[in-house]
Amino acid sequence: MSSLPDGELELPVTVPSLRLRKARGDRLVMLTCYDASFAHVLDRAGVDLVLVGDSLGMVVQGRRDTLAVTLEEMIYHARAVRRGLRRALMVVDLPFQSYATPERALDAATRAVAEGGAAMVKLEGAGPVLESIRFLSERDVPVCAHLGLTPQSFHRLGGFRVQGRDEAVAIRLREDARRVVEAGAELLVLECVPHELAAQISSDVAVPTIGIGAGAGCNGQVLVLHDLLGVTPGKRPRFVKDFLEQGGSIRGAVERYAAAVRDGSFPTLEQSFE
Ligand code: KIV
């Protein structure tokens, strides 16, 4: 099922191992998760990184966007997820505006790590967020950056849209990627970015890129768990594949996803943007 070296699926995933895995050419498998039972399934199926995403505002709470999710809610779900994990590294989203200043970011991240059990926190954007990324990284809080379609910018972006088709935006995204890594980010999520641009960014930076709607040129992939299981209501986005559609168990669907990410067969060009 996996192309990982023997025994690798037994070793806990650590922050320093992420760059090594990229240098070795291993693709990283990430999924969102919001509770202990699913965390147990994902972990035992060989998922490397589990993201307690603020997408829980949409897929768990039924909201139309992620903006109302609170830090308390993130910590509640993170604690539950953490109890199900043995090997996977847990990344926790910091909610909207909780990292608007470096001091606020440190307060929120300290709670996500100390109370929620996060090994890494995820912040969306660059620009003014660079200061918070640097502030956290210099204070022993590993950071995952998130560029492209940043759902917390829902109103500024005018909805959930592909980012970087326009040349000026593409240039800015490449610069932002270098800047977030220079500020200390150890992982970079690229959401809804044309696949060639995502591949360029992936070769520009030393840390792994994790794509969602960003093509197979990224160093790993993430999906929202409910999308992978085909239970998210409404229209299925282009970059989503329902891995449960062909039957079997939930664990089997997660294993098929992990194998497809590792052997490069997911996502295809049809699941990517030009
Ligand atoms: O909140 C989330 O689930 C995310 C992923 C879509 C990357 O940020």
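Here's a quick rundown of the fold, surface and salt bridges of this protein chain. Keep in mind that the model is predicted. The chain carries 11 helices and eight strands, and its radius of gyration of 17 Å agrees with the value near 19 Å that a compact globule of 274 residues would have.

**Overall build**
- Buried residues account for 57% of the 274 residues.
- Of the contacts with a separation of 6 or more, 63% link residues 24 or more positions apart.

**Surface and charge**

**Salt bridges**
- The count comes to 16 salt bridges.
- Arg-24 and Asp-26 pair up at 2.5 Å, N to O; Arg-24 is partly exposed at 46% relative accessible area, while Asp-26 is buried at 15%.
- Asp-43 bridges to Arg-44, with the closest N and O atoms 2.8 Å apart; here Asp-43 is buried at 4% and Arg-44 is partly exposed at 23%.
- Arg-174 meets Asp-204, again with 2.8 Å between the closest N and O atoms. Arg-174 belongs to helix H8 (residues 167–182) and Asp-204 to helix H9 (residues 195–204), so this pair ties together parts 30 residues apart in sequence.
- Both ends of that pair are partly exposed: Arg-174 at 25% and Asp-204 at 28%.
- Asp-48, Arg-87 and Arg-262 join up in a salt-bridge network.

Technical notes: Residues numbered from 1 in each chain as written. Predicted model: local features only at pLDDT ≥ 70, side-chain atom pairs only at ≥ 80, totals over all residues. Heavy atoms only, no water. Helix = DSSP H or I, 4+ residues; strand = E, 2+ residues; numbered from the N terminus. Rg over C-alpha atoms; globule rule 2.2 N^0.38 Å. Buried < 20%, exposed > 50% of the residue type's maximum accessible area, 1.4 Å probe, protein only. Contact = heavy atoms within 4.5 Å. Salt bridge = Lys/Arg side-chain N within 4 Å of Asp/Glu carboxyl O.
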